[in-house]
Amino acid sequence: MKHLKNYINGNWTDGDSGSFPVYNPATGEVLATVPKVSENQVWAAVDDAETAFLSWSRETAETRSNHLRRLYDLILEKEEDLGQTITLEQGKPLKEGIGEVRYGASFVQWYSEETKRVNGEMIPASHQDKRIMVLKQPVGVVAAITPWNFPFAMITRKIAPALAAGCTVIIKPASQTPISAIKIMELVEKAGFPKGVVNLVTGDAASIGKALLDHKKVKKITFTGSTEVGKALYREAADTVKRISLELGGHAPFIVFDDAKFPDCIQGALASKFRNCGQACISSNRFYVQKGIQKKFIEKLKSNLKNFRLGNGLTSGTDLGPLIDEKAYMKVSDHVTDALSNGAVMEYQGEVPAKNPHGGGGYFYPPTILSGIRQDMKIYREETFGPVIPIITFEEETELLTMANDSDYGLAAYVYTQDLSRALKISEALEYGIIGLNDGAPSTAQAPFGGFKESGIDREGGSYGIEPFLETKYISIGL
Ligand code: ADP
């Protein structure tokens, strides 16, 4: 059995509180064990990161840029191996695993360049003998708490801008998927980042979370995960007034008007719904389809889904992997059962691989289409995180907009129409941070990713994504 280690202050370290196993969600086998750190170890790691901050924050932008660029090159050299690691511990098909590595790498590349553009400002003063200077400075030690659904890219999307800003980081990956994080640390070491600049701790989420929140030297939390945990962190960060960025849940509407272009809307629906088996916060979760094309839309979806192959992500030709664990499986199946018992219609359900689902192997859920979805069904309000397309029929644009905005979430929304005026009006009126307008795959390194309402605070990506790691300092100068 392979035992992997944490990376703290440039050392490969074991946990004072034992270790825990990491499973392959496709087979149930144990892949490795990883350390369980104690609160004291987390505390010491923060002290080390604070010491490293004193020098890393003073490095030139060029030096920081060179380190990030080296990391980017190393990631690309290893993309096949990293993609396989993602597939092994997370379940997604290998082509998606490698796609995630490239997506994750693109943030490292982008911020290796953006670090040179953290500019200040001179503002005209009201007196001839005064000057107003504004500087941008790194906030300090950053705690990055990341989820299991994108175990590679959610880390790089956070640490690349943090490091570019001049911060040092402690990463706490999801317990289901720490191996990808450990592989990133191997490359961080190889890229020559000074000790203490990037650190990784694994173990009990609540106790690590507590240590990171209690420690005054952690100046910022950047979190991606459930709304429930995000809200708790937000509350607890208040005691030391930590800066906090949150990227939480979503419940994306996917809106298809009668004039939508085919097959674009079908391809968009498949991309936004089935990537990572629906386990993404920007996954479409409510499909509003205008009455005139509903039949055609369902028929086209069905004919595409018939070719979808469910299975182990390492097997070539697999389109859909397993769900991450039993809890995830039970939630998806509960949403479908609840909808059916309240009058929804099962339009399509694919086949499940023969050896499944509760027999100690993977938790495979087949692609499913439901119609006749109503607002009182669970699937209408809660994040399903699975391969289910729930369809709601609409007739008028005004009723559609009210329904689409009727959610506590506000992360992503998708709209398919060829009418330019309608497209722009509805994009402006949707209360969501990301709009895929005739586009089912909007995520990209240079654009701001983040949500309205309870979907989060701040943005990741592009020039917006470095701001949350910077403080603004004003120097008033008398001449
Ligand atoms: P999910 O439901 O998708 O697993 P979570 O919000 O539970 O999402 O997990 C996202 C990240 O937050 C993971 O790294 C997880 O270990 C971590 N986490 C969970 N609970 C806590 C907590 N109390 N304090 C800090 N981090 C936590």
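Predicted model: local features only at pLDDT ≥ 70, side-chain atom pairs only at ≥ 80, totals over all residues.
Biologist: Why is Y23 called partly exposed?

Modeller: Its relative accessible area is 44%. Buried means under 20% and exposed means over 50%. Y23 falls in between, so it is partly exposed.

Biologist: What makes Y23 part of a nonpolar patch?

Modeller: Patch residues need over 30% relative accessible area, and nonpolar side chains are joined within 5 Å. Y23 has 44%, so it passes the area cut-off. M1, Y23 and V30 form the patch, with about 320 Å² of accessible area together.

Biologist: Where does Y23 sit in the fold?

Modeller: Y23 is in strand β3, residues 19-23. Five bridges join β3 to β4, and the two run antiparallel. V22 stands opposite A32 in β4. The two strands form a hairpin with six residues between them, and G28 in the turn has a positive phi of about 85 degrees.

Biologist: How do you know that β3 and β4 pair?

Modeller: At least two bridges are needed. β3 and β4 have five, so they count as paired. Strand β4 (residues 30-35) is mostly covered, with five of its six residues buried.

Biologist: What makes β5 and β22 edge strands?

Modeller: The open sheet has the order β5-β6-β22, with antiparallel pairing. β5 (121-123) and β22 (470-478) each pair on one side only. The twist averages 25 degrees from one strand to the next. β5 pairs with β6 (residues 130-138) over three bridges. Two would do, so the pair qualifies.

Biologist: Why is the contact of R157 with E247 called a salt bridge?

Modeller: The closest N and O atoms are 3.0 Å apart. The limit is 4 Å, so the pair counts. R157 lies in helix α5 (residues 153-165) and E247 in strand β11 (residues 243-247), 90 residues apart. Both R157 and E247 are buried.

Biologist: What makes D334 and K378 a salt bridge?

Modeller: The N to O distance is 2.8 Å. That is within 4 Å, so the label holds. D334 is at 34% relative accessibility, and K378 is at 30%. Both values lie between 20% and 50%, so both residues count as partly exposed.

Biologist: Why is C167 called buried?

Modeller: C167 has a relative accessible area of 0%. The cut-off is under 20%, so C167 is buried. C265 is also at 0% and buried. The structure holds zero disulfides.

Methods: Residues numbered from 1 in each chain as written. Heavy atoms only, no water. Patch = residues over 30% accessible without salt bridge, like charges linked within 9 Å, V, L, I, M, F, W, Y side chains within 5 Å. Areas by Shrake-Rupley, 256 points an atom, 1.4 Å probe, with all protein chains shown as cover. Salt bridge = Lys/Arg side-chain N within 4 Å of Asp/Glu carboxyl O. Helix = DSSP H or I, 4+ residues; strand = E, 2+ residues; numbered from the N terminus. Buried < 20%, exposed > 50% of the residue type's maximum accessible area, 1.4 Å probe, protein only. Axes fitted to C-alpha atoms, helices over the stretch in contact; angles between N-to-C directions. Disulfide = S-S within 2.5 Å.
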